[in-house]
Amino acid sequence: MLAESLFFSAVLFTIGVVGVLTRRNAIIVFMCVELMLNAVNLTFVAFARVYGVAGQVFVFFVMTVAAAEAAVGLAIIIALFRHKQTVDLSNINLLKG
Amino acid sequence: MRDFLLSIGYNYWILPTLLALPLLGALLVLFTGRRGAEGEDEVASGAARGPRVLATAVFALEFVLSLGLWWAFDPTFDGWQHSFDRAWIPSWGIRFTLGLDGISLMMVLLTTFIMLLASYGSFTSIRRKTRAYYALLLVLTTGMLGVFMALDLFLFYVMWEAMLIPMYFIVGIWGGERRIYASLKFFIYTMLGSLLMLVGIVYLGTHQPLTTVNGVLTAVPNFSYEAALNTAQFTQRGALWLFGAFFLAFAVKVPMFPLHTWLPDAHVEAPTAGSVVLASIMLKLGTFGFLRLAVPLFPTAAMHPAVRTTVLVLAVIGIVYGALVSLVQPDFKKLVAYSSVSHLGFVMLGIFALTVQSVQGALMVMINHGLSTGALFFLIGMIYERRHTRLIESYGGIARVVPMFAALLTLVTFSSIGVPGTNGFIGEFLVLIGAFRTTPVLSLIATTTVITSAAYLLWAIQRILFNALDKRENEHVPDLNRRELILMAPLVAGIIWLGVYPAPVLRRMEVSAEKFVRHVESKSAVRTAARER
Amino acid sequence: MLLQHAATAGAHPLEGTVASYLWLLPLLPLLGFVLNGLLSLTSAFHLGPDDPSADHGTGSHPVAHDETGGGAHGDDHHAVQRHRYAGLVSLIGPGVLIAAFGLALAIFLAMRGLGEMHAPFVQRYFSWMTVGDLVLDASFQLDQLSMVMVLIITGVGALIHLFSVGYMRDDPGYPRYFAYLNLFVFFMLVLVLGANYPILFIGWEGVGLCSYLLIGFWFSEKANADAGKKAFIVNRIGDFGFLIAMFMLFANLGRLDFLGVNATAGQLQFGGVVVTAICLFIFLGCAGKSAQIPLYVWLPDAMAGPTPVSALIHAATMVTAGVYLIARSNVLFSMAPAAGLTVVLIGGLTAVFAASIGLKQWDIKKVLAYSTVSQLGYMFVGVGSGAYVAGVFHLMTHAFFKALLFLGSGSVIYAMHAAYHATHSHEDAQDMRNMGGMKKYMPVTWVLMWAATLAIAGVPPFAGFFSKDEILGSVFLRASHSTLADAHWLGIPGSYILYLVYVIGLAAAFMTAVYMTRMMIYTFHGPNRTGEKEREHLREAPWIMTGPLVVLGVLSVIGGWFNIPAALPVGPIGALDRWLEPVVGESALRAAGGTLPEATHSLEYSLIAVAIVIALAGIGFAFARLKPQRLLPKAQAPAEHGFGRVLENKYYVDEAYDAAVVQPVVDVSRGLLWRGIDVGVIDRLTRLIVQSKDDDAAPGAVPMGGWVTRAVGYLGSQLQSGRVGTYAWVLVVGVLFVLGAFSFR
């Protein structure tokens, strides 16, 4: 049971990573980041099944952080969009130095 | 006089004051007057008055303060006088230590004297960015004095580098047409050598004997001069390498053949006061480095037969070569530059011939060359301000137009040639008679310079001062003004006084010179056995 | 100033007498120099503007010189009115000399009053250069030898100063002239009074310096300035030798003062390499200063200076410094017979060589110049052979008659100049072909010049006869009885050399008589060639100039009577011999091999007879062969040919030196040393390191290093893209790397 859950989480995580690295749209990147976080949540729940309830507690932490991070991140994207009229990540290099 | 000075504690505060005063003055100068507009002739507009007067006043104060050293110095004591010692970077064994002996005493006096004249002599020749210029002169002074006074190797190095930067700017900003090339060449030549010296210094400072610190046997770094002299550890081969490092640094500065080619360019392109400072003081730093560091720290290496012979031969080559190349220079300033190569060759000959007479002679040549060549460059600068050319062929017969200038130029020429009665003779005579005892053949070859120096200088001044007055532009050249006369007076006085009565100067340097000779003689026999590993 | 006296055995008998004012002797002319120099500068100097870089021409003054034409392109020779300070200078210049002569006379009388004075009187003033075991004081030494020199310098010098007052009266550089002349006398006195070699050397070089200034006095002419420069540089070649001799003395004896050297010279091996080398180097110095072969070439050129200068410097005093030096170093020379032979040989060769050139010179001063070189050769023959008194004796008589000859020719030139000036002619006032028959216009000068000519030719009872005869006689006697005769010179026995020199000396004496008579005939006798219009302006020089001539004339007659040889018991026999005995007597004995050579009276008489015959024969030969009426003025004179031309061109020695020495040195310096090594090799190596890119050449190592650094930096900067995606990739790669590193430990 555990192995299948972990495998499923790994797949989801990988999909998320690939998405973050390759997608150009900032919203999609954020969705992929959420996907990664949820994959991690799944991993925690799977392990909680075997090793105790601490894993499930951790899920709450992760979900809180994910929510906060999504809120802040989307706010940044909106500000960026207002400035550059695009959310295409390949064109945004304000930190270039 | 001596008692008065001692009663005011002169011995304690004089050396740090001599270092600090010019820096303070530089800061003040930077805030005087107003910033000139781009391309503004600040002398004509009056903007230069504040900086130049303030700077000259600071220099005058500096000189007067340093004069006290003449009386306060004890000619019979062979240790360091007027010492000042404070901890600086204790974890590295670096202390801020200053001190004087007979050799550095005369160099310090020469420096403060010449810098005062240099500042006073720049009044009308520096016309742009005058605040920066006078501030740089002041900083330069601190650097040079620091080199002469430093008794800590780290401090010595810091000061050595510190004087490069103002000189680079002085040549690079206020110089002649090829000034960038000249200043860059000067900087890189000197820097290369200095970096090697830094390696040597670090090695000396860190290779001190092992002592127990907190129960652990460590080598406590100690960068003091005394430590390097007495306790630094290195093999004989190490000594040769270290000597080589120091040698390169100082040989460029002297300048020794064949590392001398930066000098003609630097001198020609530098402004008048820059040339004066370069010739009178900065060249002496090289030979001073030999006297203070390179030779006493590594006597076995320095007096190793191959090394010693090479240096002596190079020195004599410099003497003869410098004189011969001077003969064919069309530019008067370049001629004097090459003559400096020739004169400084005498100093190297005197140092490495290692007799009391030759070492004292070398020191006298250092002082005398500072006066004579400084005076020559001042005179060249004065005529350049009037006619804006340094080419000898542009002149001719001007002795009838500028008799005072002609008289002074003739006198200074004879001093440079070394006519007895002038200061130039004393140094050359002592070097040659001393060197003759240890290297008669080389000394004989070096003596031929009495012929060649007369040839190149007399021919030059003949083409400038005598012969027919055949060029229209030369007919209305004005003679020297009051400021220039006042400037030349102390130089002329020094030239005659040191030629007739050099005894007080010789007396003050005697103990240090003898100490040097004895130290090298004893150590170069003894150290070979002790250091062999 | 400390007056300390050399305590030999208690105080010197001269101490406390007027001789304690010895220091005043050179100080008087030095004072004259300072005063005259100030007068000269202040009258010529105009203070310049405060800012010389500002536009000049607005406040500057015209060229400071005479008021008439000539402008900036004229020479500095002619003025319309006398110098502003001329009167004052005329008092100061000769005044200090007369005062110095008076003092010298007083000191001389004090010395005479002592009777015998064995030790020299030394005054030490201050420590000059004391370094380690080298102890050099500024001190003066007065003994019989220096007294003779001092009297000559101040006496003849004073006369020449007086002459100059007339000769240079219209010169715009009048104060400058007397300043230099005074300075010269100062240095000359330092030379003869110095108590050690370096102090002597101060005077030695100092007179060279003044000679330079005075020869090139009218410096607007390049030829004059060239002559001055040549004199100084050739002198310096000699000075090189003198310096080496001093170094060797110090290295071997540890002393440089005369008393010390004389005392310790015995440590050196008699006739050994060291003492011979020292003496040869000293002689090199003498060859420079006293114009002997091969360094005589500056003296004829030195005639470019004013004639009184030629009289004082290049006849009476400076050139005799070399003879003085050898006489002063008599102890050393008496120990080196090989060196003595060298001196004698070169002196003899110079005597005859220069005399031969004098036979064909047309410039009256050049004749006298070569005559001086020749007579100096005689002096060296004397001192070189150990006959120190003979050499100094000839020095003295030569000072009298040569000064007279030069000043006399100066009077003639003065008259010629005045004549040409009046007719605005530009002919050569010094060429004998333009003279002739001057005895009609300048009778006093004519008589006095004949007195000098007879003296130099060696006709008794004139001065030169006694001194020249003593030299030649000494050489002849020493050829069979001296250490020189016993020694060898490059394998040749010394006696051969000495006999050869005797014969050469006779030949030179003959030629001397010939060329001097030739000079007199062409100048004073025969028809006048100066020109119709000029003739009316020729007259005797003013009395300020002729007066000194008379005094010198008298001295030329009686001057030889100071040292009459024993064979002619008519007057003070050997006065000079006895006077100089304490200084040179011992060395003369040593050089002669222990005892002085004796001559029978018959031998003496025959030597004297030979000398007289030669002199008279020369004069007669000249009168017989030379036809002044066939001479043409210089402008129309035909060129010489054959051997005469060689003589007229002085055997082309100057040209040879120029081609063999001067040009090669300049060419090598320029071509090889400067262009070749400095610029070609060293700078090229430097450019390998320093050359920046904006010049045409390839960049050097240092800028290359800069370029490489910038390239690497550029690559690094690519990492900073500012794009989040890149950063994310880097992060992932980094994490994988770290994980991998931990896994594959």
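View 1. Buried residues make up 68% of the 533 residues in chain B; buried means under 20% relative accessible area, with a 1.4 Å probe and protein chains only. This is a predicted model, where local features need pLDDT of at least 70, side-chain atom pairs count only at pLDDT 80 or more, and totals for chains, interfaces and linings use all residues. Residues are numbered from 1 along each chain as its sequence is written, chains are lettered from A and ligands numbered from 1 in the order in which they are written, and side-chain values use heavy atoms, leaving out hydrogens and water.

**View 2. Here is how chain B meets its neighbours.** Two pairs of chains are in contact, and chains B and C share the most contacts (contact means heavy atoms within 4.5 Å). Chain A and chain B, on the other hand, do not touch: 32 Å separates their nearest C-alpha atoms.

**View 3. Now for the largest nonpolar core.** It has 450 residues, and Phe290(B), Phe352(B) and Leu332(C) touch the most other members. A nonpolar core is a set of buried Ala, Val, Leu, Ile, Met, Phe, Trp, Tyr and Cys residues joined through side-chain atoms within 4.5 Å.

**View 4. Let's zoom in on Phe352(B).** Leaving aside neighbours within four places in sequence, Phe352(B) is in contact with residues including Phe243(B), Phe290(B), Val295(B) and Arg308(B).

**View 5. Chain A takes part in a second core.** This separate core has seven residues, among them Ala26(A), Ile77(A), Leu89(A) and Ile92(A).

Definitions and conventions: Buried < 20%, exposed > 50% of the residue type's maximum accessible area, 1.4 Å probe, protein only.
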